[in-house]
Amino acid sequence: MRILVADDHDIIRRGVRSLLEVQSDFSICGEAVNGREAIEKALELKPDAIIMDLYVAKSSIDGRLITALQKLRKHEAYVDPDITQEGSTLLDVEEILQRSLAFENALVESEERFRSTFELAAVGIAHMAPDGRWLRLNRKACEILGYTQEELLKLTFREVTHPADLATDLAFREKLLAGLLPQYSMEKRYVRKNGSIVWVNLTVSSVRDSENKVKYLIAVAEDISKRREWQDALKKSEAKLQHLTGNLERRVAERTRELATKNAEMETQTEIVQELSARLLQAGDEERRRIARDLHDSAGQTLTAVGLNLAAIERETKVVAPDVASTAAESRMLVKQLIEEIRTLSYLLHPPLLEESGLIGAISWLADGITKRSQIDVKLELGDEIGRLPQDLELAVFRIVQECLANVYRHSGSKSATIRLNRDSQKLMLQVEDEGRGMSPEQLRALQTSGCGVGLRGIQERIRPFSGSFDIQSDRHGTRIEVKFPLRRAAAHAN
Ligand SMILES: Nc1ncnc2c1ncn2[C@@H]1O[C@H](COP(=O)(O)OP(=O)(O)OP(=O)(O)O)[C@@H](O)[C@H]1O
Ligand SMILES: [Mg+2]
């Protein structure tokens, strides 16, 4: 409802204005200070109601005035009971002035409150004309923009907005002015007087008059430069991190590739070494066969001849030179011993007839031979179900038994040796045990860690292709070598 206020008291006019402007359904469309002006304005503005020559009754006017206007809007009459009451007294001028003064004070106080809120706010607040001129700015707004109030009042917001943000701001503002938006918010940059940039979070809303025309805009700006700085720093360090991560991933990939290549090279080399050592073992087998034959055929025969010669010397000198005869007899005994040793050694070196007699047959043959030719009683403890095994496994097991017995013969001083061979569905197990002098703990440790000694290392080499295991135990009561072959793999290897 549009209202014209006509009163010669400025205080009354302002009082009515402040009373009605807080009511959303009433707006003051004009003021007049006398009757003539009231008529002119009434013709020009065509208000819905005119408040004129307001009498202030004893009770307050505000409630009554609003009630009166509301009645009026519904085309009903309103009669103030104070005025119609018989005997009611109108206030004297003194009282009117007193009441008006109180009105005025309240007004000043509320204006003061508004001004200090406006001025002391921690955010920048500005009132702006629809054309972009600033009407009023608080201290914080001036501080954010880096200009004085006077300087800013001569500028428009366009002149201090960062060129990159102007188009967005103008587009929003247009929508706001057209009533398409109740308000808008955006993060934007201003260029301060000293050329530096300030980031703000801006919220703009409009204040409209009773005809819905925009009276002015209220802009609230919060300085977010610090936050933007942090965000930028965060973005930069994120980018850096991404760069680093990318680098790291690339390097890890490169390194992985290098390692894979090296690994492949090493695997090839391991295969070559394993093949070489297999060939060496094979060559060793052949060499042993040759040496065994040579020892038996050549050295053995020669020594036999030497023995015969010594027997002849012994016989011839028995009478003429008994000393020579006894030396010859001693030498003949030594030669005999030597022949025995050479035979045993050649026996130990000799390859078996594995293919024909099988593993059990070959081991029995070896054990018998050694028992007969040396002082060692070789006992056999064989499981029932051993049967035939893959050919290469049989050869490996036989060579291991041979090496172990050679060690018993050469190093242990034992009078006996036991060979145990057993088999179940999972594995084949071999033990060779003696009751000799054994090894010192240091020697055993050295053997277990570095595997020194060609013979024992050879045993381990023979086990490796079958993924078998090797264990050696030794103390002053004897030595025990234990070897296990997993059977499914042995079979797979053999195939
Ligand atoms: N049954 C055993 N009793 C006591 N000592 C042993 C026995 N077997 C091996 N040894 C000790 O372990 C060492 C290493 O044995 P290995 O069979 O590896 O080498 P080697 O017998 O000395 O030489 P090769 O077997 O190459 O002719 C031997 O020198 C010996 O001192
Ligand atoms: Mg040996």
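Biologist: Hi! Which helix is Leu19 in?

Modeller: Leu19 sits in helix H1, residues 10–21. Keep in mind that this is a predicted model.

Biologist: Let's switch to H10. Where does that helix bend?

Modeller: H10 runs over residues 225–320 and bends at Leu295, by about 35°.

Biologist: How many residues of H10 are buried?

Modeller: Three of its 96 residues, so to speak a helix that is hardly covered. The buried ones are Leu295, Leu303 and Leu310. Leu295 is therefore both the site of the bend and a buried residue, going by the cut-off of 20 or more C-beta atoms within 10 Å.

Biologist: Which helix do those buried residues pack against?

Modeller: They pack against helix H11, residues 322–349.

Biologist: How do H10 and H11 sit relative to each other, then?

Modeller: Their axes are 8 Å apart and the packing angle is about 165°. H10 and H11 are therefore roughly antiparallel to each other. Their crossing is left-handed. As for the residue classes in that contact, there are 20 nonpolar, seven polar and six charged residues.

Biologist: Nice. Which other pair have you got, say for H13?

Modeller: Helix H13, residues 391–412, goes with helix H15, residues 454–463. Their axes come within 10 Å and cross at roughly 165°. That angle is why H13 is roughly antiparallel to H15. H13 passes H15 in a left-handed crossing.

Biologist: Which residues meet there?

Modeller: From H13 there are Ala396, Arg399, Ile400, Glu403, Ala406 and Asn407. From H15 there are Gly455, Gly458, Ile459 and Arg462. By class, this contact has four nonpolar, three polar and three charged residues.

Biologist: Why would positions spaced like that end up on one face?

Modeller: An α-helix has 3.6 residues a turn, so residues three or four places apart point the same way.

Biologist: Okay, on to backbone angles. What is phi of Lys46?

Modeller: Phi of Lys46 is near 50°, which is a positive value in a residue other than glycine. Lys46 lies in the loop that runs between helix H2 (35–45) and strand S3 (49–52).

Biologist: Is Lys46 buried or exposed?

Modeller: Lys46 counts as exposed, because 10 C-beta neighbours are found inside 10 Å.

Biologist: And His75, what does phi look like there?

Modeller: Phi of His75 is near 60°, again a positive value in a residue other than glycine. His75 is in the loop between helix H3 (61–73) and helix H4 (81–84). His75 is exposed, because 6 other C-beta atoms lie within 10 Å.

Biologist: Great, thanks!

Definitions and conventions: Residues numbered from 1 in each chain as written. Chains lettered and ligands numbered in written order. Predicted model: local features only at pLDDT ≥ 70, side-chain atom pairs only at ≥ 80, totals over all residues. Bend = angle between axes of the 7 residues up to and from the residue. Helix = DSSP H or I, 4+ residues; strand = E, 2+ residues; numbered from the N terminus. Buried ≥ 20, exposed ≤ 12 C-beta atoms within 10 Å, placed from the backbone. Contact = placed C-beta atoms within 7 Å. Axes fitted to C-alpha atoms, helices over the stretch in contact; angles between N-to-C directions. Parallel < 35°, antiparallel > 145°, perpendicular 65-115°, else oblique. Left-handed = near helix turned anticlockwise from the far one by under 90°. Nonpolar A, V, L, I, M, F, W, Y, C, P; charged D, E, K, R; others polar.
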